[in-house]
Amino acid sequence: MIDWGAIFSNAAVELISPTTAAYALAALGLAIHFGYTGLLNFGQAGFMALGAYGFAISTLSFGFPVWGAVLVGIGASVIFALILGIPTLRLRADYLAIVTIAAAEIVRLLFTTNTFQSFTGSANGLSGYKGGFAGLNPIPEGRYGFGPFEYNEYDWWLRIVAWSIVALACLFTWQIMRSPWGRVIKGIREDEDAVRALGKNVYSYKMQSLILGGAFGTIAGMIFVLPRAVVPSNYQTSLTFFIYAILLLGGASTILGPVIGSMVFWVLLSFFSGFIARAVEAGWIPFITSIQAGQLRFILVGVAIMLIVIFRPQGIFGNKKELAFVK
Amino acid sequence: MSNNTVPSNKPVKSTDLHIGEAAPGCKKRDPILVADGVSRTFGGLKAVDVDHVEIPRGAITALIGPNGAGKTTLFNLLTGFDKPDTGSWTFEGRPLSGMPAFKVARMGQVRTFQLTKALGLLTVMDNMLLGAKGQAGENLFRAVFPFFWSKQEEANRVRALDILERFKLDSKKDDYAASLSGGQRKLLEMARALMSEPSLVMLDEPMAGVNPALTQSLLDHILNLKAEGMTVLFVEHDMHMVRHIADWVIVMAEGRVVAEGDPHEVMRNPAVIDAYLGQHHDEDLGEDPAAEEERVEAIKELLD
Ligand SMILES: Nc1ncnc2c1ncn2[C@@H]1O[C@H](COP(=O)(O)OP(=O)(O)O)[C@@H](O)[C@H]1O
Ligand SMILES: [Mg+2]
């Protein structure tokens, strides 16, 4: 018999997991790029990798404190955004898409190659960089919580920090998007020549947007590696596409969309994988091995996302009225 | 083209704008924009090849010429949206060549586009507010703290509403610009340009595609710009309109300025009739009946 209780509680755990928070923050960064400014950044995985490695390497190889390691990661992502943006932001939107997808792959391959093994750990990645973060934890040792949400002090500390950062990022984004700055940004999404004709330095605004959304991706990359190790294969292009899926699911030019989108994505993913694994065990799906079952969950999540996009194309939080005018 | 497009009260024409004979490139008493040797080629085609042209300040100047004469390209060059092969120009005495479009606009030379560029998924009010200059809240760091910009925003909002009322768009202020009709979008684009308090307004075919019911008010708005002390340069095909509101007419054909003058006199200029007839002969008859008819109409009007 299938243990439905376990399936549901495992799925519920994903609601507040740090990974969900990391994806939500990365998707919020993409919302700034794509949803608000109209920039096609297909390299969000690269920004996340820079956060993860920037944090881990400066901690492990250079003994930086937590704040220093965070600044190194953000600094690296600002430089990355400048490298991507300076040549492409004056060109048509598609150039940025091509350059970002390639640059993110270059970043991942640089972290994978043996040449810098002493710093990057090559294909094995890095671990053992969490001491500084754990050291800041004010929560006394022990297990806290109820039901499926019972964690030790590190796991609670991580969740509190991760979701506080997400909440702050949401507030910040909400505030700037309702300001005159956000108005220029949204105007650029609609027609950058019109905005130029009104005396706004479009190039500079696009660069600011790229840097800001990229920095969100970078911080997300740091949150992402705090419950696990840094492994280069996590930063493939498919990571960017999952984040796009989350963004479209929630609503591309909304603040809460990326957060709720990430929760729905991870809960669904966990639910399907739990369900399939147990259904295969129970002999409900005889033609599938348990290895194939691991692949199937992504197919099912894909189908679920397709259904949502078909029946609610503006995303969960998007404005239906806007859609009436999409060219 | 019927008479009801003509404002009821007769506009006051500015006269005595030029020095010497009204010939292509003639000097103006008080030019706001002076261009020299401006050329732009696309492949082998010389789209713009203007030796010298001056735009008189405080007047309404019409830029006319057959399709493909290079009017839009000249607009693009003068406003920094395109780079010329050669040439230089000054605006209010300051050299502008090579300056990016946004700086040109900040100096007070704003334009609209032949294909309207309303920002569809912004409200009409947001479209207007975007036009305002020098906004503190457009800086990312100040944007975070509303006390830096909320007062200024309120003042801009009041001004925007005032302009919207004049353009009869105030009832639409909270609608998406995408929901407006083509003519209303043209009005909005013009109203938005006024938010920046420009000194030279360049309108590329402001009447194209506008429902005749709105033509009247557009004409009045253009006349109002002049009344408020702005200089207007506009591209237009409708000869009635040009004759009615323009103080000065510049005629382009095949990239060159072929004639200049007072609207009534310039229409009698053989070079102008040639320009339109030349175009007539070049093209296959009947290929584009609408354009063809327009051209025949234009020639008739020139001749009458
Ligand atoms: N971006 C471009 N690429 C190639 N040719 C162009 C381009 N823009 C304009 N042209 C050509 O330049 C000439 C002038 O065009 P344009 O300035 O749009 O004329 P007008 O506005 O007077 O109708 C036309 O022959 C047109 O085909
Ligand atoms: Mg044109």
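Predicted model: local features only at pLDDT ≥ 70, side-chain atom pairs only at ≥ 80, totals over all residues.
B:Thr72 belongs to helix H1 of chain B, whereas B:Gln114 is found in the loop between strand E6 (109-111) and helix H3 (124-131) of chain B, so the pair ties together parts that are 42 residues apart in sequence. Helices (H or I, at least four residues) and strands (E, at least two) are DSSP runs, numbered from the N terminus. B:Thr72 is partly exposed, at 26% relative accessibility, and B:Gln114 is also partly exposed, with a relative accessible area of 32%. In this scheme, buried means under 20% relative accessible area, exposed over 50%, and partly exposed in between (1.4 Å probe, protein chains only).

Ligand 1 is surrounded by residues of chain B, among them B:Phe42, B:Leu45, B:Asn67 and B:Thr73; a residue is near a molecule if one of its heavy atoms lies within 4 Å of it. The shell comprises 4 nonpolar, 5 polar and 1 charged residues. Here Ala, Val, Leu, Ile, Met, Phe, Trp, Tyr, Cys and Pro count as nonpolar, Asp, Glu, Lys and Arg as charged, and the others, Gly among them, as polar. Strand E2 (45-56) and helix H1 (71-78) of chain B each supply at least two residues of this shell, and H1(B) gives the most, with 3 residues.

Polar contacts (pairs of N or O atoms within 3.5 Å) were also examined. An oxygen atom of ligand 1 lies 2.7 Å from an N or O atom in the side chain of B:Thr72. A polar backbone atom of B:Lys71 is 2.8 Å from an oxygen atom of the ligand.

In chain B, 4 strands form an open sheet in the order E2-E1-E4-E5, with antiparallel pairing. The edge strands are E2 and strand E5 (94-95), each of which pairs on one side only. Two strands pair if DSSP finds at least two bridges between them. Strand E1 (residues 31-42) is joined to E2(B) by 10 bridges, and B:Ala35 stands opposite B:Val53 in E2(B).

Residues are numbered from 1 along each chain as its sequence is written, chains are lettered from A and ligands numbered from 1 in the order in which they are written, and side-chain values use heavy atoms, with hydrogens and water left out. Local features need pLDDT of at least 70 and side-chain atom pairs count only at pLDDT 80 or more, while totals for chains, interfaces and linings use all residues.

Key: Polar contact = N/O pair within 3.5 Å; in protein donor to acceptor, adjacent residues only side chain to side chain.
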